[in-house]
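Thanks for coming, everyone. Let me put the structure on the screen, and then we'll go through a few spots together.

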Amino acid sequence: MKKLLYVAPHLSTGGLPQYLTKKIELLKDEFEIYLIEWVNHTGGVFVVQRNKILSLVDPDKFFTLEENHQDAIVDLINIINPDIVHLEEIPEFFMPDDIALKIYSRDRKYLIVETSHDSSFDTNNKRFFPDKFMFVSEWQVQQYKGLDIPKVVVYYPIEYKERPNREEALRKLGLDPSKKHVLHVGLFTPRKNQAEFFEYAKALPEYEFHSVGNQADNFRNYWEPLMADKPSNLTWWNERSDVDNFYSAMDLFLFTSRGHERDKETMPLVIREAVSWQIPQLLYNLPVYLNYWDNFETIKYLEFDKFEDNCKRISQVLENKIEIKPEEEAFVISTYPNSDSVIETTKKCIEAAKSSGRKVILTSHIPIPVELSKLADYSINDNNNILTKHSYYCNYFNSNEQYDVHVNLRGNDNDVYHGPSCYSNYYNGAALANNLGIKKLYFLNYDYILYNIDFINEISKTLESKKAYLGKYKAAEGDTVYTYFLAINSDFYLKNIPQILSADDYENLWKKWGSESNGYENMMYHAFKDKVGIHYDYEFEQHVLDTFNHEDFSRVEYFTVLPTNKENTISTFIRISNAKENKTIKTYILDGDLEILVDTIEVHNKVDHYKLLPYIENQKVKFEIYDSNGLIDVKILSIDNLEQNGLLTIK
């Protein structure tokens, strides 16, 4: 077993010795652990972590250097003969140069690893260079990037624990469960900023505030004036060996640490411990965190220099009252207004969405009628209507008492897929919303008519701590998410979903993301599957039924000509999948210059329709589609090579 020697500048209660304690706990069965304590600063008082370490390290392998005689460390290292010497802080912070020079000698037989618990050191002043850095935060990796030495981040572990019964946990601490309790954990120093915590206690006398942390003599000038003016609803608990009892029982962890340019925070262990206990947190999003805490559900941020606003945030968390501001949110409605029925349904969708108090951004790839533009708050018409071919779905089957039908969608271009245009509609809406400062978005297909805003309001609350709200399901090709309705933060969406300008852009994405197909829903699942901060609703379909009326415009339409099992016949076949329609479809045979009307149908809902016709070589079939405004589309199909289109079998 290899020998691992830790050198700690001190073991007085705080983040450094707690981090070291956890490392020893995790490695004591893999290494022969030795520890040298540079100096004992505990004064016999601040000993919580020191006592824990003493229980983990064999007494004959634990050494404390006598003050002013730290040069004995060199002899100890020679006696121990370690494989690794791991300094728990850089030597420039606590070790004289003459001793460091001996430890870092070029002919040493051991490897040296350094950890640091500081974020403010000027690395231009680094004089001693280890074989490896083991940092506690990503900020430190950036801080030391100019040094060509291997670096790794080893975060203090987050170990999720089940919270106990609140009333029992509070009574165990002798606290009143009828009151709300706010916690701060940290040594009393200007960086930890207990002064601000005390001010919140004064401003919110209806709540109980609790501060756990020692008050060392070297910071007496900081904490003594605070204690002289301590509000009656604030309890100081000194340092505790049972801090988990506080995390597990209380209603809010309020961490006011801010630091300054010469005394930055690093990666406070107390935040990670609070996350482990799943206690709601409010803290400052300091630059050194590099937005690390953005995706943790229990963490929300305080606003710098907005004391009154922060008081409101504290109350909202404690009272579980999240203020919804619908006027600062938006529905992004995707439409394709190419017929009367689509226009009327889109109109109802817009009106219902606006009734929730939210703005409406209408997006389309064809011109938007004036009546819809006037209804929406914003309209986007993107003429780049990107289409592709579906990579997975290429067949349609149906069977009834009259016939069996198989349509090969790759015949007659029935596999044209509008996934890229749907993708762009949502992207365009999100980009506009983000520019307008709108963060919470509800993407919605035009055929879902909102009738119950309660569920939307609940999703809004969810988006206070989550980045996206998705419904997940298993489709034939693989895992997918519903895209006819989803809710998401605009920043988060644009960070993960790039703009596309062509079908190739779209096709490249499904390969990049590793989705099973180029289906939009399948791709969106893979775009977000590894992201933190997603709320998956496993009762999504029921919630949608309780929230929207679905008028069911799938826009899936097939027009084809099929061979049949009847000699010398062919068949036209029309599939319309919209549950509500208002179309007239006329079918013609084109024989040279001759145009013969052979079929007319009125479409008001979903329909599968066929018409048997005699086979005559070199003819063509034309479909004309009308609504109340007249002709809206024409399709002319050849009757050559019909076998590639599928088969109609008359029973």
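One cut-off before we start: a residue counts as buried under 20% relative accessible area, as exposed over 50%, and as partly exposed in between. Keep in mind that this is a predicted model.

Cysteines to begin with. Take Cys-422. Its relative accessible area is 21%, so Cys-422 is partly exposed. Now Cys-311. That one has a relative accessible area of 8%, so Cys-311 is buried.

Next, the strands. Look at strand 18, residues 395-399, and strand 19, residues 403-408. They pair in the antiparallel sense, over five bridges. A hairpin of three residues links strand 18 to strand 19.

Last stop, Lys-606. Where does it lie? In the loop between strand 32 (594-603) and strand 33 (607-614). Lys-606 has a relative accessible area of 42%, so this residue is partly exposed. What does Lys-606 touch, leaving aside neighbours within four places in sequence? Asp-552, Ile-576, Ser-577, Asn-578 and Ala-579. Tyr-222 is another matter: it sits 384 residues from Lys-606 along the chain, and their C-alpha atoms are separated by 76 Å.

That's my tour. Over to you.

Technical notes: Residues numbered from 1 in each chain as written. Predicted model: local features only at pLDDT ≥ 70, side-chain atom pairs only at ≥ 80, totals over all residues. Heavy atoms only, no water. Helix = DSSP H or I, 4+ residues; strand = E, 2+ residues; numbered from the N terminus. Buried < 20%, exposed > 50% of the residue type's maximum accessible area, 1.4 Å probe, protein only. Contact = heavy atoms within 4.5 Å. Pairing = 2+ DSSP bridges.
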